Amino acid sequence: MSASTHTSFCRLCMGHCGVKVSRDDAGRITAVEPDREDPFTLGYACFKGMQAAEAHNSPERILRPLKRLPDGSFEPIGIEQALDEIAERLDAIRQRKGPVAIGGYKGGGAFFTSSSLMMLNDWLRALGSPKAFSTVTIDQSAKYVTAGRLGVWPAGRDPFHRGDVFMIVGGNPLVSVSTVGFDTRNPAKRLRQAQARGMKLIVIDPRRTETARAADVFLQPLPGEDAVLLAGMLRLILERGWHDRDFCAQHVGDLDTLREQLQPFTLDLVAQRTGVPAEQIVAATELFAHQSRRGAATSATGPDMSPHSNLAEHLVELLNVVCGRFIRAGEEVPNPGALLPRWPRKAEVMPAPRWWEQGYRSRFDYGLLDGELPTGSLLDEILEPAPDQLRALIVHGGNPALAMPDLPRTARALESLELLVTIDHRMTATAELSDYILPPTLQYERPDLPMFIYEPLLFPEPFTRYTPAIAAQPPGSELKDDWYYFWGLGKRLGLQLEYWGQPLDMVTAPTTEDLLRIAAQHCPHSLEEIARHPHGLVVEGPPEHVEPGDPDSPNRFTTMPADVAAELAAALQGSELAAAYAYRLAARRERDALNSACRDLPAIRRRLPDNPAWMNPEDMQAEGLQNGDRIAVASPWGQLETVAREDANLRRGVISITHGFGGVPGRTDPSRDGVSVNLLTSSLQERQPINAMPRMSGLPVNIHKVGNCGEEHPSWRSTPGRAC
Ligand SMILES: Nc1nc2c(c(=O)[nH]1)N[C@H]1C(S)=C(S)[C@@H](COP(=O)(O)OP(=O)(O)OC[C@H]3O[C@@H](n4cnc5c(=O)[nH]c(N)nc54)[C@H](O)[C@@H]3O)O[C@H]1N2
Ligand SMILES: Nc1nc2c(c(=O)[nH]1)N[C@H]1C(S)=C(S)[C@@H](COP(=O)(O)OP(=O)(O)OC[C@H]3O[C@@H](n4cnc5c(=O)[nH]c(N)nc54)[C@H](O)[C@@H]3O)O[C@H]1N2
Ligand code: SF4
Ligand SMILES: [Mo]
């Protein structure tokens, strides 16, 4: 290899930022920089993405498969030997218990490799096991539940770049470079461009986030009250006649029921419950529904992790439904598909499909969501004895030990497995508990395409691109691209694997390029042709316009099916728990980390040494707390200790702690790793129906300065199992 600089794109997160990658003549990455010429992300890239050289060359990177010995230490083992041993153990479990005793968990790291992102699912399907789990169901699967209960508008919502307004409930795309519908290709710049053409931004968040600071209207409610707030906004819209009457008449089946169910959500009640002044609620609602003609409401993890998450998401989409904020007949579909196949979209509702009510049901009575079981039921599948009890788990690019609610029960479950295999390049809290760790190549060591299954979320036009492998694998390493491990196990277990519907040769291993060709099977351009455009290309083909719907179609949105109505009644009632706790805990992300990843890099650790409990300075003063004081935080389900730090952007009464830090108690050094906020969450209580979504935000908590335990403190009210 020669020392050179190459055009590529970062695959750490949804951003897919265009970068320039430099390598030396040994093929080692020396630098990764934003690509100022990139027509797509316009020179944006974040700090953690730019540390890829450190990540690839890290002395802590796992470079050979590891096997855990009886004393808990790990020894290196050859790839084929590791696959032989794992396959033998899997086969024994399959013989004894059937394939249903074998499952998989796909984490965020498995999504950003187009040659592998469907491998775990396809491997389990070939094996005959329905036990596929992923982060999707501890993230924003409320969106899937909403589509299933409400109905689907095939062409989608009004796009960001054509709307007069854009409303975000509980998302911070300027930091997370994520949020459905937002233009995340250089988010700050795209937002400035949209606002320059007159688009208004509404943000609803308990923290005045980086995104909220750019908002035209900002509401700062207590976490966990989105359902109440949105119900109040909807009531106001219908009461003032700000809805789109024609659209509702044609496409909504039960507007009167909706109107009736919303009656209790008066402005007074909503203002009191959410802590947002009534006039601000009116201003935001009026801007969205009355002063703007087009433009959508969206949400991210804030409401989707809080109590009543499925309902909150449903109500977000109802704002779009009653205001008719969908792409209409004759209008252009922004991204009809580049790698994904194109299909005709009609201006007509697909009636509530309730996919999970058909097909396989687990013994805990959960159906499948997009072919997967809810991750909120994974611990039950492992821990509860039954003939189909899960005994072996393959973790692909994830760190469930820190991502799942209820860290102690999660650790107990993972430790109880007969076989735990993790595909990761880091010694994560999950890897430490694993019998085998299989290390993958890292992003610049493999060719790739953008994450094709979520293409329309990434690009507002039918854009795609290709990157070749740029770096050599580190000297002395024994690594494979992720997919190879599934192929190797599949071959040994006598499986016929398919990838994205295409059967694979199970005698001779495919290449990564072969798998990318399968990912690109529907694209009008060949992989070679895509590769000839290092900055990517907008695929050929006429623009796709929405076709007129059938005027006699009986299909309508169902805004208030019985289960949604019951959830609305429960949300109205509120929770008695809240009264016993002085604060609510809100989830949030850090710019310099990616969930549990990136913090192992020295450059990141310097910027992000720990995960404090962020608090409003006035709350800190009222508690007699100084910046950096240690506090205990207790929820109804657990407790932790960390430092308190000021964040004037948080509203009073809210504490915010980032997840992904810490480790399994007894195996972690809090001064180095921080603390896991999942010591406060429950894996048994407060799960949502349908997707088993745990409550990870809007948790009731009390706090106490560590060392003050003898004193009665006003905020330390009646906490069960109080610390000290
Ligand atoms: N830098 C960075 N980027 C990331 C990640 C990361 O860890 N770091 N993680 C990636 C992943 S896995 C995901 S899913 C996406 C998530 O993307 P986002 O959802 O945009 O993530 P956050 O930045 O945490 O934004 C959530 C916001 O919700 C607010 N919030 C909390 N509780 C509530 C509530 O009850 N109601 C309302 N209205 N708001 C609430 C929080 O204050 C926070 O500002 O980000 C992705 N991108
Ligand atoms: N309390 C609380 N809990 C939460 C959340 C919260 O906000 N609050 N957020 C939830 C959300 S939205 C999510 S998505 C989950 C995150 O859940 P996970 O995805 O399970 O957690 P990550 O820490 O992102 O783990 C990703 C792993 O992939 C590895 N990786 C990176 N690239 C590759 C690759 O190319 N191949 C392989 N094999 N591995 C790779 C990384 O080293 C990392 O260990 O956490 C959830 N848990
Ligand atoms: S935002 Fe950062 S991590 Fe995400 S793709 Fe861009 S450079 Fe990579
Ligand atoms: Mo996520």
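In the predicted model, an oxygen atom of ligand 2 lies 2.8 Å from a polar backbone atom of Asn399. Two further backbone contacts were computed. An oxygen atom of the ligand is 2.6 Å from a backbone N or O atom of Gly108. A nitrogen atom of ligand 2 is 3.0 Å from a polar backbone atom of Ile423. On its own, ligand 2 has 920 Å² of accessible area, and the protein covers 94% of it. The surroundings comprise 31 residues. Tyr105, Gly108, Ala403, Asp482 and Ser596 are the closest.

The fold includes an open sheet of seven strands with mixed pairing. The strand order is E5-E4-E14-E13-E12-E6-E7. Strands E5 (74-76) and E7 (132-134) form the edges, each pairing on one side only. On average, neighbouring strands are turned by 20° against each other, direction ignored. Helix H18 (residues 482-492) packs on this sheet. The helix touches strands E12 (392-396), E13 (419-423) and E14 (436-438). Its direction makes about 155° with that of E12.

Strand E6 (residues 102-106) runs parallel to E7, and three bridges join the two. Lys106 has Ser134 in E7 as its bridge partner.

Ser115 belongs to the loop between E6 and helix H3 (119-127). With a relative accessible area of 0%, Ser115 falls under the 20% limit and is therefore buried. Leaving aside residues up to four places away in sequence, Ser115 touches Asp448, Trp483, Tyr499, Thr512, Leu515 and Leu516.

Methods. Residues are numbered from 1 along each chain as its sequence is written. Chains are lettered from A and ligands numbered from 1 in the order in which they are written. This is a predicted model: local features need pLDDT of at least 70, side-chain atom pairs count only at pLDDT 80 or more; totals for chains, interfaces and linings use all residues. Side-chain values use heavy atoms; hydrogens and water are left out. Two strands pair if DSSP finds at least two bridges between them. Helices (H or I, at least four residues) and strands (E, at least two) are DSSP runs, numbered from the N terminus. Axes are lines fitted to C-alpha atoms, for helices over the stretch in contact, and angles run from 0 to 180 degrees between N-to-C directions. Contact means heavy atoms within 4.5 Å. Buried means under 20% relative accessible area, exposed over 50%, partly exposed in between (1.4 Å probe, protein chains only). A residue is near a molecule or strand if one of its heavy atoms lies within 4 Å of it. A polar contact is a pair of N or O atoms within 3.5 Å; within protein, one must be able to donate a hydrogen and the other to accept it, and residues adjacent in sequence count only if both atoms are side-chain atoms. Accessible areas come from the Shrake-Rupley method with a 1.4 Å probe; for residues, only the protein chains shown count as cover.
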